[in-house]
Amino acid sequence: MDKKNSDEKEIQQLRNRFCDLADKSFRQGVYTFTGFLGLADQDIFWQEEARIKYAGYCLNGGFEGAERLMVRFGSPEELGYEADFPIACIRICPLARKFADDLSHRDFLGALMNLGIDRSTLGDIKMAEEGACLFCLDSIAEFICENLSQVKHTNVACSRTEETGMILTEKPDRVILHVPSLRADAVLSRVYDLSREKSLELFRAGKVYLNGRRCDNGSKQLKTGDTVNARGSGKFVLSGEPRETRKGRLAVEADVYR
């Protein structure tokens, strides 16, 4: 089977999975959950949303602004109770900070994948003041804590934590942009200092996601609160109301995550 057919088969399997989970939730009166979904999988979910919204749904990644999200099917109004997402947070810290390598997101992810863990069990990995903060399925948390002992050449210790607000240190850079319009390609090119053509290439390559949905249309008009992910470049959130400058351009604020 060639790659194209293989990809199409995987996409169809994911579509079927969404439908099966929605149907189970609706028929049995229980909450059902997907694993963590990356941006491409979230886009497939949104393509199916009209068919499965009858069951009710909610998305969560363990913290506000998470990129990798789980979908919970089921409505509290219909089921009569609330159910937490089965998400655990693990703090991963070097045993000896003085001798630790300069570890990156890729280093932590590589060490986790070397444990033979399915990617869908892992959410975001956020760099913290010391080490990293990992969001994962609750069912895999104990295994990770017991088996993840080294990242790159650094010995680490893992422990579950609920104090995520204290250890998530990523802060966006707030920038003010002067743009001719709120077209997605115009704003993106200013945020990442790209030519308009380079910006359009990202849209054509399917690398731009607007609020979790793939955006192939660079002329799409952004609005306050929109989140744009450009794979390979980063993420930004349009914040504040745009205002017109004396030269007839728009001044907008954006929170940029590098």
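Is lysine 152 buried, exposed or partly exposed? Lysine 152 is partly exposed, with a relative accessible area of 47%; here buried means under 20% relative accessible area, exposed over 50%, and partly exposed in between, for a 1.4 Å probe and protein chains only. I shall return to this residue after an overview.

The structure is a predicted model, in which local features need pLDDT of at least 70 and side-chain atom pairs count only at pLDDT 80 or more, while totals for chains, interfaces and linings use all residues. Residues are numbered from 1 along each chain as its sequence is written, and side-chain values use heavy atoms, with hydrogens and water left out.

Let me begin with the chain as a whole. The protein chain has eight helices and 14 strands; these are DSSP runs, helices being H or I of at least four residues and strands E of at least two, numbered from the N terminus. Along the principal axes, its C-alpha atoms fill a box of roughly 60 × 55 × 45 Å. Of the 258 residues, 44% count as buried. Among contacts with a separation of 6 or more, 58% are between residues 24 or more positions apart, where contact means heavy atoms within 4.5 Å.

Leucine 122, leaving out residues up to four places away in sequence, touches Phe36, Arg68, Leu109, Leu112, Met113, Ile117, Leu134, Phe135, Cys136 and Ile144. Cysteine 136 is found in strand β6 and counts as buried, at 0% relative accessibility. Beyond its neighbours within four places in sequence, cysteine 136 is in contact with residues including Phe36, Pro86, Ile90, Leu122, Ala141 and Ile144. Cysteine 136 and glycine 61 are 75 residues apart in sequence, with their C-alpha atoms 8.9 Å apart in space.

Which residues of α5 are buried? They are Ile140, Ala141 and Ile144. Seen down the axis of α5, these residues fall within an arc of 120°, so they line one face of the helix; the arc is that of the directions from the helix axis to the C-beta atoms. They pack against β4, α4, β5, β6 and β8. The face turned away from the buried side carries the exposed residues Ser139, Glu142 and Glu146.

Helix α8 (residues 196-204) has Ser199, Leu202 and Phe203 buried. Its buried residues fall within an arc of 100° seen down the axis, so they too line one face of the helix. Their packing partners are α7 (184-191), β10 (208-210) and β12. After α8 comes glycine 206, whose phi is positive, near 70°.

That brings us to backbone angles. Most residues other than glycine have a negative phi. Lysine 152, in the loop between β7 (150-151) and β8, has a positive phi of about 60° although it is not a glycine. Aspartate 193, in the loop between α7 and α8, has a positive phi near 55°. Aspartate 193 is exposed, with a relative accessible area of 67%.

Finally, the largest pocket. Its volume is about 850 Å³, that is, the space filled by probe spheres set on grid points joined across faces, edges and corners. On a 1 Å grid over the protein atoms alone, a pocket is an open set of points where a 1.4 Å probe fits, with protein on both sides within 12 Å along at least five of seven lines; lining residues have an atom within 4 Å of a point. Of the 25 lining residues, Glu67, His105, Asp124, Lys126 and Asn229 are the closest to its centre. Strand β5 supplies the largest share of the lining, five residues. Elements giving at least two residues include α2 (39-52), β12 (227-230) and β13 (234-244).
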